[in-house]
Amino acid sequence: MDATEDSLRKALAEKQSAVEAQGNAVRSLKAAKVAKAEIEAAIETLNALKLEKSSIERQLQAAVSGNGPDGSVNREAFRQAVVNTLERRLFYIPSFKIYRGVAGLYDYGPPGCAVKSNVLAFWRQHFVLEENMLEVDCPCVTPEVVLKASGHVDKFTDLMVKDEITGTCYRADHLLKDFFLDDLSAEELGAKIKEYGIVAPDTKNPLSDPYPFNLMFQTSIGPSGLSPGYMRPETAQGIFVNFKDLYYYNGNKLPFAAAQIGQAFRNEISPRQGLLRVREFTLAEIEHFVDPEDKSHPKYCEVADLEFLMFPREEQMSGQSAKRIRLGEAVSKGTVNNETLGYFIGRVYLFLTRLGIDKERLRFRQHLTNEMAHYAADCWDAEIECSYGWIECVGIADRSAYDLRAHTEKSGVPLVAHEKFSEPREVEELVIAPVKKELGLAFKGNQKMVVESLEAMNEKEAMEMKASLETKGEVEFYVCTLEKNVSIKKNMVTISKEKKKEHQRVFTPSVIEPSFGIGRIIYCLFEHSFYMRPSKAGDEQLNVFRFPPVVAPIKCTVFPLVQNQQYEEVAKVISKSLTAAGISHKIDITGTSIGKRYARTDELGVPFAITVDSSSSVTIRERDSKDQIRVNVEEAASVVKSATDGQSTWDDVWSNFPHHSSGSTED
């Protein structure tokens with residue numbers, strides 16, 4: 001990073017801190033209900049700070065988009081080189097291309113499918129097998145009642161505006177990103193759009209008033225159209241609704257984790273940035289169920305000494321940058337809420353770096369207080385830096401017991417766990433006994449709703465009602481389903497505390513949820529793996545993907561040095577050995593020069609190439625160093641398997657076999 005970019009990043013961090021501080025000041029003034037003029041003055045100051053921040057952002061963007069002083073390729077040109085290579089080599093392409101495509105939808109081609117398959121296989125090995133997780137596979141089509149309980153039907157929305165002439169849609173908050181937006185309703189947002197003269201960015205046409213747009217794809221289940229449903233926006237709900245059966249399957253024991261890989265769907269208003277923001281995507285999600293009173297983890301010590309870039313909320317608020325922190329220190333200081341959350345943060349770090357993500361461009365950012373849901377205990381995002389900036393690729397959240405409680409309340413099925421005591425414990429239990437006869441006489445058809453509200457009282461509410469009934473004989477009580485107060489008399493309900501012995505504790509488990517956006521991880525991996533190097537003649541730049549063997553789409557290629565029947569027969573023998581060893585490979589017997597064949601496979605990220613130049617021995621070339629060793633034909637498959645399975649490194653192989661000087665075959 002050059003000095004200009006570094007100073008701009010520092011200035012941006014300082015300005016961000018000032019914006020956050022002024023934003024908190026505005027919220028405090030609103031909460032204190034001070035004079036309108038004072039609030040408006042504070043908002044004006046905040047808007048000025050945001051405009052200054054936006055100016056610095058534009059300067060920084062110009063700095064990172066221009067050519068570096070050493071002639072290095074700028075970010076935009078680098079991204080274009082990567083995307084051109086990916087599309088030309090069919091890693092992925094826009095869906096329905098012959099019909100001009102559809103924004104936010106992409107097809108994976110053969111090498112892209114192989115990379116994705118390898119990433120998911122490694123995910124299963126690293127998480128599902130390592131942690132003995134219970135894997136499930138649930139439908140993409142989800143009944144409305146499930147997503148109503150989870151809150152998605154009512155709250156999974158963005159405010160949208162339309163170009164009044166062309167009908168093009170935009171996210172309202174994106175158009176007003178330089179201005180203060182916190183806690184604004186659709187009406188207030190619309191007023192701000194008019195006040196600041198915001199128009200459609202593409203056409204400069206006037207915009208409609210903002211209105212909420214639900215991001216879920218709606219459908220109906222069955223031919224009648226009477227059973228509404230949605231394409232799931234996440235895979236997690238399928239796990240939550242199956243908790244009771246999974247808990248039983250696990251021997252009624254906690255903690256345990258369930259995992260699911262599958263497609264999710266979000267009807268993004270204006271999808272951009274290729275694979276980073278799409279309308280159909282693959283998620284891999286883990287729901288780790290744990291006792292809320294014990295969030296320790298037996299394997300936490302295995303990751304406690306890991307040190308990597310972390311960005312706690314205090315550093316964000318004070319305008320500092322992410323810094324290297326030992327995970328154990330972050331947990332012990334309470335920066336990370338608990339051991340189980342810390343354990344999964346560590347495991348996510350190991351997963352991403354072993355895939356090939358550059359650890360210097362990976363950070364774990366803690367959610368600010370105003371970003372977190374009210375029920376969440378702590379949330380961290382694994383963010384990967386690419387040409388688009390820092391991209392959230394994995395979310396690791398302690399969601400407390402919110403999800404299971406929501407589905408318990410909606411379905412009426414208790415999604416709870418049990419802890420059996422070695423000795424019975426004496427406890428006091430609140431008993432609320434509505435007298436249904438008296439309530440029926442008083443409230444007739446509304447009796448049921450009054451009974452349910454009385455039974456739903458917490459201990460504090462119930463004991464206050466008991467005291468009021470004993471002193472006054474009557475009390476006003478709000479029934480939320482009736483949306484009004486009713487009068488409860490002493491003869492209508494009995495409230496008491498009874499002592500009893502309990503043999504077990506019944507509780508709703510907390511959930512630690514790591515959620516992986518597979519497409520985002522793969523795109524960042526493409527960028528982190530891509531580089532260019534000069535050809536032997538120095539007259540062109542050759543593209544290379546330095547994929548680790550674990551994710552490479554093809555592990556090995558087999559080339560006869562020249563078109564020769566004997567060499568081709570040897571190549572076929574080696575191919576059979578590679579197939580038997582389970583190694584994906586490709587034979588190239590074209591008459592193209594060996595250098596061009598190497599270049600073609602380097603561009604696909606193939607780590608090893610076997611060149612047949614005799615009937616008894618062959619050479620094995622490593623992609624990035626271009627070093628070659630010589631091995632017997634019979635050994636070739638086992639050497640490649642050892643290197644691709646991770647049993648040995650290329651350094652090990654290099655030290656154990658004779659080296660080969662490529663001479664005229666140098667690419």
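The structure is a predicted model, in which local features need pLDDT of at least 70 and side-chain atom pairs count only at pLDDT 80 or more, while totals for chains, interfaces and linings use all residues. Residues are numbered from 1 along each chain as its sequence is written, and side-chain values use heavy atoms, with hydrogens and water left out.

The protein chain contains 22 helices and 29 strands. Helices (H or I, at least four residues) and strands (E, at least two) are DSSP runs, numbered from the N terminus. Along the principal axes, the C-alpha atoms occupy a box of roughly 105 × 65 × 55 Å. The chain has 667 residues, and 49% of them count as buried. Buried means under 20% relative accessible area, exposed over 50%, and partly exposed in between (1.4 Å probe, protein chains only). The accessible surface comes to about 33,100 Å², and carbon and sulfur atoms contribute 50% of this area. Accessible areas come from the Shrake-Rupley method with a 1.4 Å probe, and for residues only the protein chains shown count as cover.

Contacts are defined by heavy atoms within 4.5 Å. Among contacts between residues at least 6 apart in sequence, 68% join residues at least 24 apart. The chain carries 82 positive and 96 negative charges, whose mean positions are 2 Å apart. In this count Lys and Arg are positive and Asp and Glu negative, and His and the chain ends are not counted. The place of a charge is taken as NZ of Lys, CZ of Arg, CG of Asp or CD of Glu.

A UniProt annotation from an unreviewed entry assigns a "coiled-coil region" to residues 29-59. Such annotations, given in the numbering used here and with shortened feature names, may be inferred rather than shown by experiment. In the model, residues 29-59 are 87% helix and 0% strand, with 32 Å between the end C-alpha atoms.

An open sheet of 9 strands shows mixed pairing, in the order S3-S10-S11-S21-S16-S15-S14-S12-S13. Its edge strands are S3 (134-135) and S13 (323-326), each of which pairs on one side only. Two strands are taken to pair if DSSP finds at least two bridges between them. Glu-135 has Ala-259 of S10 as its bridge partner.

Strand S21 (residues 510-517) is largely enclosed by the rest of the structure, since 8 of its 8 residues are buried. In a regular strand the side chains alternate between the two faces of the sheet. Ser-510, Ile-512, Pro-514 and Phe-516 point one way from S21, whereas Val-511, Glu-513, Ser-515 and Gly-517 point the other way. S21 runs antiparallel to S11, to which 6 bridges join it. Ala-284 stands opposite Phe-516 of S21. S21 also runs antiparallel to S16 (residues 389-398), with 5 bridges, and here Ile-396 stands opposite Pro-514.

Ile-521 lies in helix H18 (residues 518-529) and counts as buried because its relative accessibility is 0%. The C-alpha atoms of Ile-521 and Leu-276 are 8.7 Å apart, although the two residues are 245 residues apart in sequence.

His-297 is located in the loop between S11 (280-290) and S12 (307-311). This residue counts as buried because its relative accessibility is 9%. Leaving aside residues up to four places away in sequence, His-297 touches Glu-131, His-288, Glu-339, Thr-340 and Tyr-343.

Most residues other than glycine have a negative phi, and most peptide bonds are trans. The peptide bond from Leu-254 to Pro-255 is cis, with omega near -5°, and Pro-255 lies in the loop between helix H10 (243-249) and S10. Lys-204, which is not a glycine, has a positive phi of about 65°. Lys-204 belongs to the loop between helix H8 (186-195) and strand S7 (211-214), and is exposed because its relative accessible area is 58%. Glu-483 likewise has a positive phi, near 60°. The loop that holds Glu-483 lies between strand S18 (474-479) and strand S19 (484-489), and Glu-483 counts as exposed because its relative accessibility is 64%.
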